[in-house]
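Here is a short note to read alongside the structure.

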Amino acid sequence: MMRRIYYIGCFLLCILLGFTACKKGNTYYENYSLKYTEYNGTTLQFLEEQGSTYDSLLLVLERVPDLRAKLGNASEKTTFFASTNNSFTNALEALNAVRQASNRSKMYLEDIPKTILDTLTYHYAFDGIYDTDALRDFVEGKEVLSIDKYRMTIQYKVTSASGIVGGGQQQLVLSDMNNSIFKRYWQESNTSVVNIRTTNGMLHILAPSHNFGFSKLAKLLNN
């Protein structure tokens with residue numbers, strides 16, 4: 001009899017602890033709010049100080065000097081979506097797979113015509129500040145013009161976590177609209193980090209799975 005009471009007591013205690021843990025977890029995610037990361041320097045300085053993470057992007061910016069100057073200008077206010085090295089690797093691998101199939105030599109970032117780099121890289125930069133607070137009310141995303149007047153869309157979303165829809169990490173989705181109002185033709189990419197506030201703007205980091213140029217590089221250089 002005492003053993004039965006002991007097991008029943010343990011069972012009830014487990015249920016109580018589980019309920020408490022779930023309640024604590026729910027509260028955590030319901031109250032989740034991503035704070036801004038403050039960086040005391042320009043967006044360009046931030047990229048330069050992150051070790052080798054943005055080597056490919058910095059190489060590209062050397063060949064797109066006007067944008068590089070803008071990201072380093074303390075008097076400008078620019079929102080920029082940065083690509084890590086992996087995003088450029090993805091794009092080059094796709095490009096060179098097509099070239100290899102047609103017996104053409106490989107290409108590297110240094111070989112890409114400047115006009116194409118200009119076009120693709122400017123699509124990641126926007127005049128003004130676009131952060132999660134500014135975009136959270138646009139359920140379907142907000143259409144914005146890049147600094148070269150190309151139509152893009154930025155959408156705010158919160159991932160699911162612990163079984164709670166919308167209870168996880170805040171993200172932004174950057175989409176190349178491909179000059180179409182139909183979403184099925186868009187190319188989109190998630191962020192891995194958002195809301196890095198620099199002295200001259202806002203910086204978001206795209207996920208490593210992103211293909212620089214939104215998969216356009218292979219098409220543009222293999223026509």
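1. Two strands count as paired if DSSP finds at least two bridges between them. Helices (H or I, at least four residues) and strands (E, at least two) are DSSP runs, numbered from the N terminus. With that in hand, S5 and S6 run antiparallel and are joined by seven bridges. Tyr-156 has Leu-172 in S6 as its bridge partner.

2. A word on the basis: this is a predicted model, where local features need pLDDT of at least 70, side-chain atom pairs count only at pLDDT 80 or more, and totals for chains, interfaces and linings use all residues. Residues are numbered from 1 along each chain as its sequence is written, and side-chain values use heavy atoms, leaving out hydrogens and water.

3. Lys-142 is partnered by Ile-154 in S5. The two strands make a hairpin with five residues between them, and Lys-149 in the turn has a positive phi of about 70°.

4. Stepping back, the protein chain has eight helices and eight strands. Of its 223 residues, 43% are buried (under 20% relative accessible area, with exposed over 50% and partly exposed in between; 1.4 Å probe, protein chains only).

5. Do look at the loop between strand S6 (170-176) and strand S7 (187-198), where Phe-182 lies. Is Phe-182 buried or partly exposed? Phe-182 is partly exposed, because its relative accessible area is 43%.
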